Amino acid sequence: MLQLMQSDWQRMWKRKKSFVSLLIFICIVMLDCLFLKMMRIGAFDNISSVPLTAQNFSLFLLKEVSFFLTLIIGPILMIDSFNGEYHAGQLRMVLIRPISVIRLFAAKWINLALFMAILLGATFVAGETFGHLFLPGADSVAFLNPDRSYGPAGAFMYCLESYGLFMLILLAQLSLTAFICTLLPSPIICYLGWIAIAAGSLYVSNKFSFLLMGMAAIFKWMAGYGGHGYLLPVFVCMIPGFAVTMLWWDRRNWVK
């Protein structure tokens, strides 16, 4: 399994989209750092906002880059890894060897999850470093819930937990995108299908709003509005989506 993951990881970095996505992401993080420093205000929504400090800067940096991760880089890399390799013939060259289709799918999913975790971790480190270098510190900060205040250590854990919740959203998004890739053959149609599902989920239930507005949902989770019921749809999308797609991969003949 480890060798299969290493092979897929090497193929992923041989594709131009991976390098281009990484470079664009770095530029976006840098520009957002400068933008937030200039604004000096972190907005939870159109109504609630707080002054930016070293303790909450990384949280609002994630808010700025979250749309790029969920709507652009995540779906594009997943679609390129699945449908892109299929149309280029690379998937067929891999599967003509005695390799388990289920293990190949798992290797791809894990590699993409690892790549997204690296981007998310880099964002957190950049936010913490930039915030402590260029923004004033505070003895205590409040987030969306004004009745709760946090010291420096508490604020750090608050931001870290928010990043962990956003990682779960990214994993749910990867599972759904993989499912769409299995259903639809065209990369362009797959991407449009993901956008349609993310937008259409708002009309199905407010619980699925995390697919399009992940940070807004996280702000509510962390503030204690709605409890942990918001997490159930995330795991519903992530775990059953992963399992169903894996079984579908096992039944589909990708060599044709």
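A disulfide is a pair of cysteine sulfur atoms within 2.5 Å. I searched for such pairs here and found zero disulfides.

**Ground rules**

I am working on a predicted model, where local features need pLDDT of at least 70 and side-chain atom pairs count only at pLDDT 80 or more, while totals for chains, interfaces and linings use all residues. My numbering starts from 1 along each chain as its sequence is written, and side-chain values use heavy atoms, with hydrogens and water left out.

**Confidence**

I looked up pLDDT, the predictor's confidence in each residue, from 0 to 100. The protein averages 82, and 87% of the residues score at least 70. Going through the elements, I noted the lowest mean pLDDT, 58, in helix H4 (residues 90–95), and the highest, 89, in H6.

**Layout**

I took helices (H or I, at least four residues) and strands (E, at least two) as DSSP runs, numbered from the N terminus. That gave me nine helices and four strands. In order from the N terminus, I read them as α-α-β-β-α-α-α-β-β-α-α-α-α.

For contacts I required heavy atoms within 4.5 Å. Among contacts between residues at least 6 apart in sequence, 79% join residues at least 24 apart.

**Surface and burial**

I computed accessible areas by the Shrake-Rupley method with a 1.4 Å probe; for residues, only the protein chains shown count as cover. The protein exposes about 12,300 Å², and carbon and sulfur atoms supply 70% of that area.

My burial classes are buried for under 20% relative accessible area, exposed for over 50%, and partly exposed in between (1.4 Å probe, protein chains only). Buried residues make up 48% of the 256 residues.

Cys27 is partly exposed, because its relative accessible area is 44%. Cys190 has a relative accessible area of 1%, so I filed Cys190 as buried.

**The core**

Next I looked for nonpolar cores, meaning sets of buried Ala, Val, Leu, Ile, Met, Phe, Trp, Tyr and Cys residues joined through side-chain atoms within 4.5 Å. The largest one has 72 residues, and Leu69, Met116 and Trp221 have the most contacts inside it. Helix H2 (16–39), helix H3 (57–88), H5, H6, helix H7 (187–204), H8 and helix H9 (231–251) each supply at least two residues of this core. H6 gives the most, with 16 residues.

Setting aside residues up to four places away in sequence, Met116 touches Leu69, Ile73, Gly74, Met167, Leu170 and Leu174.

Gln173 sits in helix H6. Its relative accessible area is 1%, so Gln173 counts as buried. Beyond its neighbours within four places in sequence, I find Gln173 in contact with Leu69, Thr70, Gly74, Pro75 and Trp194.

Asn111 is in helix H5. Asn111 is buried too, because its relative accessibility is 2%. Not counting residues up to four places away, Asn111 touches Met5, Asp8 and Trp9.

Which residue did I look up 145 residues from Val101 in sequence? It was Met246, at 8.4 Å from Val101, C-alpha to C-alpha. Val101 lies in helix H5 and is buried, with a relative accessible area of 18%.

**Aromatic pairs**

I paired rings of Phe, Tyr and Trp (its six-membered ring) if their centres lie within 6.5 Å; planes under 30 degrees apart are stacked, over 60 edge-to-face, and the rest tilted. The count came to 13 aromatic pairs.

One of them is Phe44 with Phe219, edge-to-face at 4.9 Å centre to centre and 85 degrees between the planes. This pair links distant parts of the chain, 175 residues apart: Phe44 in the loop between strand S1 (41–43) and strand S2 (49–51), Phe219 in helix H8 (residues 214–223). Phe44 is buried at 6% relative accessibility, and Phe219 is buried at 3%.

Phe124 and Phe156 have ring centres 5.5 Å apart and planes at 65 degrees, so I logged an edge-to-face pair. Phe124 lies in helix H5 (residues 101–134) and Phe156 in helix H6 (residues 152–183), so the pair ties together parts 32 residues apart in sequence. Phe124 counts as buried at 11% relative accessibility, whereas Phe156 is partly exposed at 34%.

Last entry: ring pairs link Phe44, Phe60 and Phe219 into a cluster.
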